[in-house]
Amino acid sequence: PTVSVLYWIHTMLSRLFGVFLLIGSVESVCFCYQRGGGRYSSAGERVLCDDIEARDECLEANKEVTDMVNSIGVNADLYLRVARRANLFTEMQSSRLRTFLSDALELGKPVGDCAVGLATNSLIKGTKSHCFSPTLLHQCDLIRSAIDLYTTNIPKVLGDKIDAALDSSTTGLTLSTPKVADFVSAMELRTNRTTANIRCESYEQTTAEINASSSVSYTAAVFVLLVIYVL
């Protein structure tokens, strides 16, 4: 029994040590120490700190989406330029198709709010001065979760906008027209591949810290009981 208890003590120590290492390595955490008692004091009002890493990760995710949308736009511009030279579309028709695409790209585009909840004093359970912004932390993951559906829906939205146009009969732009259908198909080929590289590493690490920290108190309590039992 003593050997078994010692083994459990070793396991508990390893878990606690791993949690402490994790807390020290996570970047998306700011220090919200308490006034009048220093960083690790339990006295005084807890100050606000800015979750800069979560904000920067949100901004980077937005940039990835913008870069992808711009790339799709460039692809469409090249296609329409060649089509104009081949007299497939008039200048007005090309402009209308590009406008339809711009509208389709904006509809449902995932954009994170990278300012919401920047200043925070939300304490990570099990720590005394590690804070994070719950709302801001999830912005990157919200973008990442929505990006694939958004991208694959662009051709459908584009087709719907072309069909719904009130002046389609006068402009000659309908999906039943082969050259218009070809343009939508070309955009579908481009959007079949999501090129926005949204990683959300800080989100993953901070979530792991939150989950790990929530178990520290329980682990420490069990460890103390086991030590008392051995003694």
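What is the volume of the largest pocket? About 180 Å³. Keep in mind that this is a predicted model, so to speak a computed picture throughout.

**The pocket**

Fifteen is the count to remember here: the largest pocket is lined by 15 residues, and those nearest its centre are Glu57, Glu60, Arg199, Cys200 and Glu201. Two elements, α2 (52-85) and α8 (201-213), each give two or more residues to that lining. Of the contributors, α2 gives the most, with six residues.

**How the helices pack**

A pair of packed helices is described by the angle between the two axes and by how far apart those axes are.

| Helix pair | Angle between axes | Axis distance |
|---|---|---|
| α3 (residues 91-106) and α5 (residues 139-164) | about 135° | 8 Å apart |
| α2 and α3 | about 165° | 10 Å apart |
| α5 and α7 (residues 178-191) | roughly 165° | within 8 Å |

Let's start with α3 and α5, whose axes make an angle of about 135°. Because of that angle, α3 counts as oblique to α5. The crossing is right-handed. On the α3 side, the contact uses Leu97, Phe100, Leu101, Asp103, Ala104 and Leu105, while α5 brings Tyr150, Ile154, Val157, Leu158, Lys161 and Ile162. Sorted by class, that contact has ten nonpolar and two charged residues, with no polar ones.

Next up is α2 against α3, at about 165°. That angle is why α2 is roughly antiparallel to α3. Here, too, we have a right-handed crossing. From α2 come Val69, Ile72, Gly73, Ala76, Asp77, Leu80 and Arg84, and they meet Glu91, Ser94, Leu97, Arg98, Leu101 and Leu105 in α3. This contact is made up of seven nonpolar, four charged and two polar residues. Leu97, Leu101 and Leu105 of α3 touch α2 and also take part in the contact with α5.

Finally, α5 and α7 cross at roughly 165°, so α5 is roughly antiparallel to α7. As α5 passes α7, the crossing is right-handed. The α5 residues involved are Thr151, Thr152, Ile154, Pro155, Leu158 and Ile162, and their partners in α7 are Val180, Phe183, Val184, Met187, Glu188 and Thr191. By class, you get eight nonpolar, three polar and one charged. Ile154, Leu158 and Ile162 of α5 belong to this contact and to the one with α3 as well.

**Putting it together**

Which helix links the two topics? That would be α2, which gives six residues to the pocket lining and also packs against α3. From there, α3 packs with α5, and α5 in turn crosses α7.

How values were computed: Residues are numbered from 1 along each chain as its sequence is written. This is a predicted model: local features need pLDDT of at least 70, side-chain atom pairs count only at pLDDT 80 or more; totals for chains, interfaces and linings use all residues. Side-chain values use heavy atoms; hydrogens and water are left out. On a 1 Å grid over the protein atoms alone, a cavity is a set of points where a 1.4 Å probe fits but cannot get out, and a pocket is an open set with protein on both sides within 12 Å along at least five of seven lines; lining residues have an atom within 4 Å of a point. Grid points are joined across faces, edges and corners, and a volume is the space filled by probe spheres set on the points. Helices (H or I, at least four residues) and strands (E, at least two) are DSSP runs, numbered from the N terminus. Axes are lines fitted to C-alpha atoms, for helices over the stretch in contact, and angles run from 0 to 180 degrees between N-to-C directions. Angles under 35 degrees count as roughly parallel, over 145 as roughly antiparallel, 65 to 115 as roughly perpendicular and the rest as oblique. A crossing is left-handed if the near helix is turned anticlockwise from the far one by less than a right angle, and right-handed if clockwise. Contact means heavy atoms within 4.5 Å. Ala, Val, Leu, Ile, Met, Phe, Trp, Tyr, Cys and Pro count as nonpolar, Asp, Glu, Lys and Arg as charged, and the others, Gly among them, as polar.
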